[in-house]
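Subject: Structure handover

Hi,

Here is the structure I promised to pass on. Have a look at it first, and then read my notes below.

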Amino acid sequence: CIPCIASSIGMVTIPWHKTIALLACLILPPNCFAQTWIISLGWLSSSCAGHTKRLTRNAMFMILYGISNIISPQLWKTGGPRYYSAWATQIVASFTLTPILLLAIRFILVKRNKERRQWIAEQAAVGNHGEGYVEQVVGDETVKVKVDVSMLDLTDLENKFFIYPL
């Protein structure tokens, strides 16, 4: 994201009559910033277990993305050539906080994976390999069927056998 920050600073500091330099600064951020968007969208689905939680996360992410796209043009006021406060807000929020948040999320997931791998090793030593039971009604009786824990729609916090992909 360093090219994004540099080009954003260039957009604020380069004189208005140097149109080629401003155009270069304008074109660079979308190409670089797409990387953090792709990482966050990929982690959105892959860093959670459970179908219900995954659908809820995707829906919340897309709803908030739509709301932010509605709000962001409101930062730009009419009647002046440059809006430094709006640009500074967008530079800080978009190009600085996003990679910091992604690195913090990665740090948390690495820590959880370390704890889970240790827990899984302890469980494997006692013979627990991540299996659960589902009750099925067959005729008039209820039968418990052994299934893999990943098939139970448990969230990543409930399913300790889930390892976060990084």
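To start with a question: is Asp156 buried or exposed? Asp156 is buried, with a relative accessible area of 3% (buried means under 20% relative accessible area, exposed over 50%, partly exposed in between, with a 1.4 Å probe and protein chains only).

Some background before the rest. This is a predicted model, in which local features need pLDDT of at least 70 and side-chain atom pairs count only at pLDDT 80 or more, while totals for chains, interfaces and linings use all residues. Residues are numbered from 1 along each chain as its sequence is written, and side-chain values use heavy atoms, with hydrogens and water left out.

Salt bridges

Side chains of opposite charge can pair when their charged atoms come close. The structure holds 3 salt bridges (a side-chain nitrogen of Lys or Arg within 4 Å of a carboxyl oxygen of Asp or Glu). One of them joins Lys53 to Asp156, with the closest N and O atoms 2.6 Å apart. Lys53 lies in helix α3 and Asp156 in the segment after β2 (141-148), so this pair ties together parts that are 103 residues apart in sequence. Helices and strands here are DSSP runs, numbered from the N terminus (helices are H or I with at least four residues, strands E with at least two).

Asp156 also meets Arg112 in a salt bridge, at 4.0 Å from N to O. That pair links distant parts of the chain, since Arg112 is in helix α4 and Asp156 in the segment after β2, 44 residues apart. Together, Lys53, Arg112 and Asp156 are linked in a network of salt bridges. While Asp156 is buried, Lys53 is partly exposed at 24% relative accessible area, and Arg112 is partly exposed at 30%.

There is also a salt bridge between Glu131 and Lys146, whose closest N and O atoms are 3.5 Å apart. Glu131 sits in strand β1 (residues 131-138) and Lys146 in strand β2, 15 residues apart. Glu131 is partly exposed, with 43% relative accessible area, and Lys146 is partly exposed too, with 49%.

Surface patch

On the surface, Ile63, Leu64, Ile67, Ile70 and Ile71 form a nonpolar patch with about 510 Å² of accessible area together. Patches take residues with over 30% relative accessible area and no salt bridge, joining like charges within 9 Å and nonpolar side chains (Val, Leu, Ile, Met, Phe, Trp, Tyr) within 5 Å. The areas come from the Shrake-Rupley method with a 1.4 Å probe, and for residues only the protein chains shown count as cover. Ile63 lies in helix α3 (residues 51-71) and is exposed, at 53% relative accessible area.

Other spots to look at

Glu122 is in helix α4 (residues 84-125) and counts as partly exposed at 43%. The C-alpha atoms of Glu122 and Ala24 are 55 Å apart, and the two residues are separated by 98 residues along the chain.

Asp153 is in the segment after β2. Its phi is near 55°, a positive value in a residue other than glycine. At 37% relative accessibility, Asp153 counts as partly exposed.

Best wishes
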